[in-house]
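Please open the structure in a viewer and keep the selection tool at hand.

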Amino acid sequence: MSVRRTVIITLICLAITVGLLWAARAGNAATRNQVVLMAHAGAGIRPALDELGALYRQKTGVKIEYNYKGSGCLLADVCASQKGDVYMPGELYYMQQAVDREFVQSYRVVTNLTTVLIVQAGNPKHIKGIKDLAKAGMRVGIGEPEVVAVGRAAREVLTRAGVWKQVEKHIAMTGQNVTEVSNAVKLGHLDAAIVWDATAALYTTREVLTIQIPSSYRVVSAVPVGAMKFSRNPKEAEQYVTFLASDEAAKVFAKHGFSTPVPPKQRGRVIKGGKG
Amino acid sequence: MTASAVTSPEGGDAGNRLFSALLISFLIFFLAASALLLLSNVWYLAIARETIGKSGWALFVASLRSPETHFAVKLSVVSAAVTAVLCMIIAIPAAYSLSRFRFPFSGVVDTLLDLPIVLPPPVIGLSLLILFRTPAGHFVNHITPQWLVSGINGFLSLILRERVFEYGRWVVQGEIWDDGTNWAYTVRGIILAQFFAACAFGVRAVKAGFDTIGVRHEEVARTLGCTRRQAFFKVVLPMARNGIVAGAVLTWARAIAEFGPILFFCGATPWKTEVMPISMFLLNSAGTVESATALVIIMILISALTLLTFKRLGGRGYMW
C-alpha cells in the first residue's frame with residue numbers, strides 16, 4: 001500500500017515536471033526572437049492605442065503591452081516598479097515629472113487632447129455652454145485636479161471662463177480617471193462634465209451629447225510619448241515612439257476623436273529632457 | 001417559512017409571533033435589497049436599447065462569445081485555483097501549529113496574521129511593487145530560475161491562447177511572452193498578489209476547523225501506537241475536512257475577486273494580466289458600461305456556481 005502510493009506520487013511528480021518542460025519548450029518556440037514593449041499609458045485613450053499597437057505588431061512584429069491607468073497613478077507606479085519601455089501620460093506636466101526623475105531622456109509630442117463639455121443624452125438641463133454650469137442645481141463632474149490631466153484642464157477652462165468660483169460649489173464628483181467622469185454623465189448621475197474630445201468620442205449621441213468649448217476657454221493639451229531609461233530594448237522603444245509620431249499614427253488618432261492634430265514638423269521634434 | 005414555525009415551545013402567543021415576524025422582516029428587507037442590487041445589472045442591460053440602441057441580450061451574448069472574455073475567465077479561474085492550492089499547502093500546517101502550539105508574543109503573531117484581512121487590498125499590491133525594487137526583491141528575481149518562468153508562461157499560453165479577428169486579419173492573442181525573471185507586471189505576479197491577499201483567510205478558516213477537533217482524539221490515537229505524523233494524517237486531517245474545504249473555497253473566492261493588488265502589482269494590461277475584475281475596469285475605462293455590466297453578470301453566475309458547489313461539498317459553518 002505504502003509502496004504503491006510512493007510510486008504513484010513519484011509518477012505524478014514526474015508527469016508534472018515533463019509537462020512543465022514540454023510547455024516551456026512550446027512556450028519558448030512561440031516567443032523566441034520576440035520583442036515585447038511595455039507601455040504605461042493613460043486609460044482613457046485605450047481604443048486608439050490598442051489599434052496603434054495592433055497596427056505596429058502587424059508592421060514590425062514587435063508586440064506592445066499597455067498598462068492602462070490614470071496619468072497621475074502612472075508615475076507613482078513607475079517610481080515603485082522601475083519597469084517599462086514607453087511612457088505616455090496624458091499631459092506634459094506628468095512627462096516633466098518623469099523627466100525630472102530621469103526616467104525619460106527625450107520625448108515627442110504625438111497628438112493633442114482638447115477639452116469638450118459633455119451632457120446627458122437629449123440635454124435635459126438645456127445646457128448650452130460652459131457658463132451654464134454656474135447655474136443653480138447643476139451637478140458637475142471633473143477629473144481630480146491633483147491626480148489626472150483632465151482635471152487640471154477642466155479647472156483651467158472654468159477659470160478662463162471666469163466661473164470657477166461658482167462651478168466649484170456644483171462639483172458633485174471628481175474622478176480618478178477621465179472615463180469615470182464621463183460614465184457618471186452617461187449613467188445620469190451628473191448633469192455635465194468636462195472631458196477630452198477623445199473621451200467623448202467613445203460614446204454615441206444616444207449616450208452623451210458633446211458641446212464644443214469656445215477656443216478662448218478651450219484647453220489643448222499635448223500628449224507626449226517617450227522611451228524609458230529602464231527599457232531592455234531601447235532601440236525598439238525609440239522606434240515605437242517614432243511610429244506614434246508618424247502620419248499613419250496621426251490618422252488613427254484623428255479617427256478616434258483627437259480633434260486638434262499636431263503639425264508634422266512639430267511631431268518630428270525630439271524634446272530633450274533636462275532638469276526643468 | 002412562516003413566523004409560527006420558529007416560535008418557542010411555550011409560545012404561540014401573539015407577542016412572540018410579532019417579535020419573530022419583526023426579526024424576519026429585517027432578513028427579508030436585506031435579502032430584497034441584495035437581490036435588487038445584483039439584478040439591477042440585468043435591468044440596466046435590459047434597457048440597453050434605450051441607452052445605446054443595441055439589444056441587451058445581444059450584448060450579453062457578444063460578451064459571452066468574446067475571446068477577450070474567454071481569456072479573462074480562464075485566467076481568473078486558473079490563477080485562483082493555483083492560488084488556492086498554494087494557500088492550502090501553507091495554511092494547513094500553519095493553521096495546525098496555531099491551533100495546537102503555544103507561541104511567545106502570540107498577540108504579535110495574531111495581529112500579523114490578520115493584517116492582510118483588515119488592510120485595504122491595494123496596499124498589498126503597492127507593497128509588492130515596492131518589495132520588488134528592494135534588494136530582497138532583486139534577490140527573489142535573481143534566484144527565480146528561467147526554466148520555471150518559461151514553464152509557467154508556456155503552460156499558461158497553452159490554456160489561454162485565443163484566435164482573434166482584429167483589424168482585418170487573424171492574430172493569436174493571449175500568449176504569455178517570455179518576460180524574464182522579474183516578477184512585477186507579469187502574469188505569474190497575479191498569483192503572488194492573490195496569495196498575499198487571500199492566504200490569511202485560508203489560515204483562519206482551516207484553524208477554525210482544527211480548533212473544533214479536541215486534542216483528545218490525537219492523544220487517543222497516539223496511545224494506540226500512532227506517531228505524531230500518523231495521528232495528523234490519519235485522524236486530524238480527515239476530521240478537519242470541512243474546515244479545509246471551507247478554507248480552500250474561501251481563498252479561491254477571495255483570489256478570483258481580487259482587483260486592487262493586481263491593478264498595482266501586475267498592471268491592467270489587456271490580454272495579459274486581464275483577470276475578470278481588471279477586464280471590467282478596462283471595459284469601463286473605454287466607456288462601454290453595458291459590456292462591463294454583461295461581464296458583471298457572468299461574474300455573478302460564476303460566484304453563485306462556486307457557492308452552490310461549496311454547499312454540495314458539505315462545507316458549512318466555518319466560512320462565515
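The stops below concern a predicted model.

**Chain A as a whole**

Begin by selecting chain A, whose secondary structure comprises eleven helices and ten strands. Its C-alpha trace spans about 85 × 50 × 35 Å along the principal axes. The radius of gyration of chain A is 23 Å, whereas a compact globule of 276 residues would have one near 19 Å. Of the 276 residues in chain A, 45% are buried. Among contacts in this chain between residues at least 6 apart in sequence, 78% join residues at least 24 apart.

**The two domains of chain A**

Next, colour residues 36-112 and 223-272 of chain A as domain 1, and residues 114-212 as domain 2. The centres of the two domains, taken over C-alpha atoms, are separated by 26 Å. Where they meet, 19 residues of domain 1 of chain A are in contact with 17 residues of domain 2 of chain A. On the domain 1 side, α2 (46-60), α3 (71-81) and α4 (92-100) of chain A each supply at least two residues. That side of domain 1 of chain A consists of eight nonpolar, ten polar and one charged residue.

Now select residues 104-120 of chain A, which form strand β4.

- Strand β9 (residues 220-228) of chain A pairs with β4(A) in the antiparallel sense over eight bridges. To see one position, select Val109(A), whose bridge partner in β9(A) is Pro224(A).
- Strand β10 (residues 271-272) of chain A pairs with β4(A) in the antiparallel sense over two bridges. Here Tyr107(A) has Ile271(A) as its bridge partner.
- Strand β7 (residues 192-196) of chain A is joined to β4(A) by five bridges, in the antiparallel sense. Within this pairing, Ala193(A) stands opposite Ile118(A).
- Strand β8 (residues 208-212) of chain A also forms five bridges with β4(A), in the antiparallel sense.

**The side of chain A that touches chain B**

Display chain B as well. Which element of chain A gives the most to the side that touches chain B? Altogether, 41 residues of chain A are in contact with 35 residues of chain B. On the chain A side, α1 (2-31), β1 (36-42), α2, β2 (63-69), α3 and α7 (178-186) each supply at least two residues. It is α1(A) that gives the most, with nine residues. By kind, the residues of this side of chain A divide into 18 nonpolar, 13 polar and ten charged.

**Two residues with positive phi**

Most residues other than glycine have a negative phi. Select Gln82(A), where phi is near 55°, a positive value. Gln82(A) sits in the loop between α3 and β3 (86-88) of chain A. This residue counts as partly exposed because it has 15 C-beta neighbours inside 10 Å.

Finally, move to Tyr185(B), whose phi is also positive, near 55°. Tyr185(B) belongs to the loop between β2 (169-173) and α9 (187-211) of chain B. With 23 C-beta neighbours inside 10 Å, Tyr185(B) counts as buried.

Note on methods. Residues numbered from 1 in each chain as written. Chains lettered and ligands numbered in written order. Predicted model: local features only at pLDDT ≥ 70, side-chain atom pairs only at ≥ 80, totals over all residues. Domains from an automatic or database assignment. Contact = placed C-beta atoms within 7 Å. Helix = DSSP H or I, 4+ residues; strand = E, 2+ residues; numbered from the N terminus. Nonpolar A, V, L, I, M, F, W, Y, C, P; charged D, E, K, R; others polar. Buried ≥ 20, exposed ≤ 12 C-beta atoms within 10 Å, placed from the backbone. Pairing = 2+ DSSP bridges. Rg over C-alpha atoms; globule rule 2.2 N^0.38 Å.
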